[in-house]
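Student: Could we go through this model together? I would like to begin with one residue and then widen the view.

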Amino acid sequence: MNIAKKIKNRVSKAGKEAAYSAVGRLLARKVMGLPETSKVRSELSKRSLDDSVRRMTSEGLPKGTYYAKLTIDNWKPHDGKPFRLLQNGELVYGNQVEPPARGFPLEYRNIVVTSENPRDFKLDIDAEFSIKIGRGSYTTPQQLKYDKQYGVEQHGDVYYSLRGNTTSPKKILLTFPGFGPSTSRISYAVSYLKDLTDTDLRDTLMVCFQDRYLAAGSYMMVDNAGRPLYSRVRDIISGFTARFKVANEDVMFFGASKGGSIAIHYAQEFPESQLLLAVPQMSLPYYFNKPFFRNNLFQNPAISSLVQPQELLRRYFDEGRRVDYFYTNNDELSNHSLIEFAHDVPNLTKYRVNGVHGAVARAALPAMLGLMRQFFKKNIEKSFICEQVREFPGEGTLRIQARVDLESSKIENANWFLEGRLGRTIFRQIMSNGQHPFVKFTADDQKLFRAYDSVAELSHITVLEADGTISKAPLNYHFKALEGPASKLDVAASPLLLETASPAAYNIVNDEIFDHYRYVSQSVNNNGTTVEVRFTNDLRVSELTTNSDQDVAYLAVVEISDNNPLIDLIGLRLQILSGCEKLRLVDVDGSLNDSDRATLENTDWATLEMRSYSSVE
Amino acid sequence: MTEVHKLLTIVFETSDELDRESEVYRRLISARLKYEDHFDLQVTSENLNTSLLTSIVGGLETKYVLFVRDSHKIPTNFLATVIDYLRSRTVYLAEPHMYTAGIPRDVTATKMEQSYFYARDTDIYGVAFNTGRLRDALEALGDIDRSALYVSFRLYWSIGTVKPLPVGYSVATNTKAAIGSQLDPATPRLFPMVSTNSIELRTYMVRFLAIYLRGLRGEKRTAVSTAHLRDLITTFKLDKLVSLVQPLQPFEASWITWLTGSEKSAFLYKQLTEADFYLQFSDAEKPVTGDVDLYEIEFSDMDVLINKAYLSHKVRPSYANPAVYDFYSRSISPNSSIIFFDRPMQADDNAEYLYEYFTSNHPEYANAYFALNPKSADWTRLKAKGFNLIPIFTRDFYEKFLESDLVVSSQIYNLRYKGKSLENSRFVYLQHGIQLNDMSDWIISKYFDVFVATGKLEADYLAKYAPSETLNSGLPRLESLEKITQEGRHLLFMPTWRFNLNQVSNEHFTNTEYYRAIDGLMTDRRILTYLEKHDVTLHVKLHPNVESRASLFQFSQRVVKSEASYREAIASADFVFTDYSSAVLDASFIGIPIAYYQWDSNDFFLDQPYESRLDYRTEGLGPVFDTSDSLIEYMTSEKYLESSSEFAQRNERFFEGVDPKRINAKIVDRMLSL
């Protein structure tokens, strides 16, 4: 009996139980690993058994757990609204309704459930739906085509495609993917970077990992069963470095957004490697506390309990790793008060780009490709002339205009940066092109802020071309707008702490708004479920007191001023950090003004209680 | 028996008596060979206004009517193409591809896009109208000026687009765009308010509006109301098309924006070094004060004041915007690129002289360029002199312009490149000569940082419109101008041109007063005798526009055609006379006697796009003669050799303020301080 028949028999005769057993899975993976032109694959194809076998290859779930595919039929009236899928009244998945690709149903695939019975499931919105449940994971023809196009292969429970020099590379570039649109037919993408050519990758192996877990990816933190993936992926990476004898310093981790967080996660054991990051999330639970994630990834305890990217990145900063980090100030959800204020970190280069989170990677693509190509092959630095600099001071801000030599101004497929130093850190603010080619300037959303851009020395205009060429022109200009004591303000990227030994400072920036607080915090009751945040006018007189309710796990006292535009964020961040279910905000001495209260009350809190001081007494 | 009417009437408008040898006339009637049965030709020497046109159209029995003017140009197949098209169909109108200059060989390659529409002349000429429908339309449009009838006809019949016939028609001039046009004074409205979405018609309308406003600056009075103009602009959304007007008619572009009902009264016109130049528009009843009063225009419902104000740079909206580069923010230094040029095909004028002075006295400015067309005869000469030449109007030229900190020229071109223009960058205008005519409308419309004047009279005149820009230094070419002494005596006659003779046939040309006055003088027996007797030669320097007809003039042994440059011709003459040319002032500047022979002084300025500012009789630097007899008498009695204290005084007054030894130095000081 040939192998195709054997498979068929397994499916039809021995039943699904056997097909989805470990043996069945291994066999199926072996078959699907054969070339499409092979006899066995052709045979399967002829008999339309491809899909059945492919589903058998998927990651095995523990006994009693299944993959579900939810299809919502009349989604239109619910567009933009949140929904939850309940299994016998318990939340198993939730999201916010978004229109699917034109001509396709609204589907959410690979929700992990514990019942095979569709009748056990309900939606909390008044929409017709259907649910399919099975032992193998669900996919789409578009995803299959995509995987084929980009050569994505399955290796155990890990998926990736290989590019470039796969036989004797001297360097390794590891890429990790971001999210696609949540209703995409291709839920699992790879960061393939089509712009990179075979010539670019002549000496480099490029491994493009796919985050093929849960409905739209798990940040490659856990598999579908919620088991950490760390060791499995790390082993694959170290397998490559060992096999090709590539030193850590010749390894680059790249990722944008979700991919950036994954890159940080998997660089842990490669201390001399380089990191190229764009808008990574620093605290996953904090990022997940929004409608798209609150009822899916946010609920996954395994992800929250893992060491967070911010902690790892701070460790890398201490280690002096080479990090190139692209970010926007309009992204507090991802940044979490780290990169905005990071300074004097050796080997860190910060690239500030204007625009929203999703626009950064596209806007800075030439520079990022250039950094990759520099990693492949070191380029010589060129110089050009900045003929003229003008400063345009605003209230606490600075915009600049530079006139560069006409010939150099025509460099295309490049990003232009205003460069300065923050101690040992290099800071690069992306610039815009003016009406005339030789004019490069910082636009309104590219301006520098005197409060926290304590740029000791704006020294250069730097051009990063996609081909890896870097060109610099010295500015030779002393900026008056950044003079004065405020520019020396200590705006540390200090982490937010649940237990402070002494009053600590915490800075937050959200787009153009900068806010800073002093606070003290302490642990109160290990069994508590609440973070209590007390606001006061004067930290000195409002000493931290344990005079608190039994449910309080952590207590923080935050000193506020007359103007606290981001007052809502500090409480939220403390709650997420603590993992507590509840947040209690307390006005200790009548310090909250109307504006503070309005900000706090208009926030989309999960669970919030507001009290005045008297009720604490 | 039913009378069979012809298909088409050509109404041929002549400015004078019919010139049967003119090209356009011959080409029209040559169609009789094949199409005699199809068309009639009606000649009218009256100016076609709407009422005359209505009466002509009322009497026509042909299905179509087409208006042609004698100064326009048509190709040989024009009429045949039109008739062939009209024979087989009934249409509201048929029209050729319209041009303002030469007609391309393949007109169908002309792209029907906005730039074509905006450049197109939209008068009635060249278009075949359905006579009946024109008659109908005229019943409603009788108060519309003739020049707006074509567009109004299309509005009236809702003809949004027209596919032109595969033949061209040229009105052979584009001066309307530069100097504007004037409506019949009683015209109360420009167009009927028949709405349209046609971008083509709206483009025609905004162009017409700009040209009308330009003309109004000369006319100063109109029966149209500002309310009507505002209605037009808002109904047809003409304010959205104002960017078409901006490059060539920025004055009118600002005016249109103001008429739209803009709250703003001041419109940035030209950036300058110390303060920027703004145009300010206001209702005379609520005047906005400015530095220089320019116009008071009387509309039927409001008197509009237009003035010029020098306002602080800080008022400029882009002042604090780093996206906008201020070309004045970088001072001129030896690192600066500076571009000089005269006419593209001819140097030997003020820019050349200034360039030569500048590069030899300021060698530290290594990036001074002189732009010229490499095909110009001057290219080799200047190359040999070591000029740093760049081919004018090439990509390289524009790149240099973009980089440069200053442009210095005797010509004003509308330079625009990658966001840089003379509006937002430094420009020193040297002029070709001295302004004797009233060119104020033109001066006000142009962009310059420095306008070089020669003498107090001209400087005072210019300062009325451009007080901070006027520099009384004298023309650069005057500094090195010296009288050339040579054997034998030379007299020089330099007649200038008449704009209305551009299109006339040679036959007609030789019948003009212009030709007869010049040729008559050249062949006058008294003159010839005098020249012969005193061994004097009369050099005649024909205007470049007459060069092609030079053979029509009767030169002789004593009356020769001058082939020398103006400079050489003037410097080597012992006496120079002209009709109106300001070039003779160069002669006067170096002490050569001059005179004016103005045989047509009563009519001359009627046909020119400007008016005389100088009273030649009381301020001229030489005597004025109305008749050839008086001139001949003056010449043959050798009165020109006698010194005149009156003219010496006038000369001194005229050139007051010009230091002959510091002309270039004074200009250079000013230009480097911009």
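**A residue and its surroundings**

Tutor: Let us begin with Q281(A), which sits in the loop between β12 (274-278) and α8 (284-288) of chain A. Please keep in mind that this is a predicted model.

Student: Is Q281(A) buried or exposed?

Tutor: Q281(A) is buried, because 25 other C-beta atoms lie within 10 Å, and the cut-off for a buried residue is 20 or more.

Student: Which residues does Q281(A) touch, not counting those up to four places away in sequence?

Tutor: Its contacts are K258(A), S261(A), Y287(A), P309(A) and S334(A).

Student: And how far is Q281(A) from I264(A) in space?

Tutor: The C-alpha to C-alpha distance between Q281(A) and I264(A) is 9.8 Å, with a separation of 17 residues in sequence.

Student: Let us turn to the nonpolar cores. Which residues touch the most other members in the largest one?

Tutor: The largest nonpolar core has 158 residues, and those that touch the most other members are I111(A), L174(A), A263(A), F326(A), A364(A) and M372(A). Leaving aside neighbours within four places in sequence, L174(A) is in contact with V207(A), F209(A), I237(A), V251(A), M252(A), F253(A) and F254(A). Another core, of 88 residues, lies apart from the largest one and includes V450(B), L478(B), I527(B) and F655(B).

Student: Now the contact between the chains. How many residues does each chain bring?

Tutor: Chain A brings 17 residues and chain B brings 13 residues. On the side of chain A that touches chain B, β16 (386-393), β17 (397-404) and β21 (439-441) each supply at least two residues. The most comes from β17(A), with 4 residues.

Student: What is the make-up of that side of chain A?

Tutor: Its residues divide into 7 nonpolar, 7 polar and 3 charged.

Student: What confidence does the predictor give the complex?

Tutor: The complex has an ipTM of 0.84 and a pTM of 0.86. For chain B, the mean pLDDT is 93, and 98% of its residues reach 70 or more.

Student: Staying with chain B, what is the strand order in its open sheet of 5 strands?

Tutor: The order is β2-β1-β3-β6-β4, with mixed pairing. In chain B, β2 (39-44) and β4 (93-94) stand at the edges; each has a single partner strand, so one side of each is left without a neighbour in the sheet.

Student: In which sense do β3 and β6 of chain B pair?

Tutor: Strand β3 (residues 64-69) and strand β6 (residues 128-130) of chain B pair in the antiparallel sense, over 3 bridges. Opposite Y64(B) stands N130(B) in β6(B).

Definitions and conventions
Residues numbered from 1 in each chain as written. Chains lettered and ligands numbered in written order. Predicted model: local features only at pLDDT ≥ 70, side-chain atom pairs only at ≥ 80, totals over all residues. pLDDT = per-residue confidence, 0-100. Buried ≥ 20, exposed ≤ 12 C-beta atoms within 10 Å, placed from the backbone. Contact = placed C-beta atoms within 7 Å. Nonpolar A, V, L, I, M, F, W, Y, C, P; charged D, E, K, R; others polar. Pairing = 2+ DSSP bridges. Core = buried A, V, L, I, M, F, W, Y, C linked by C-beta atoms within 7 Å.
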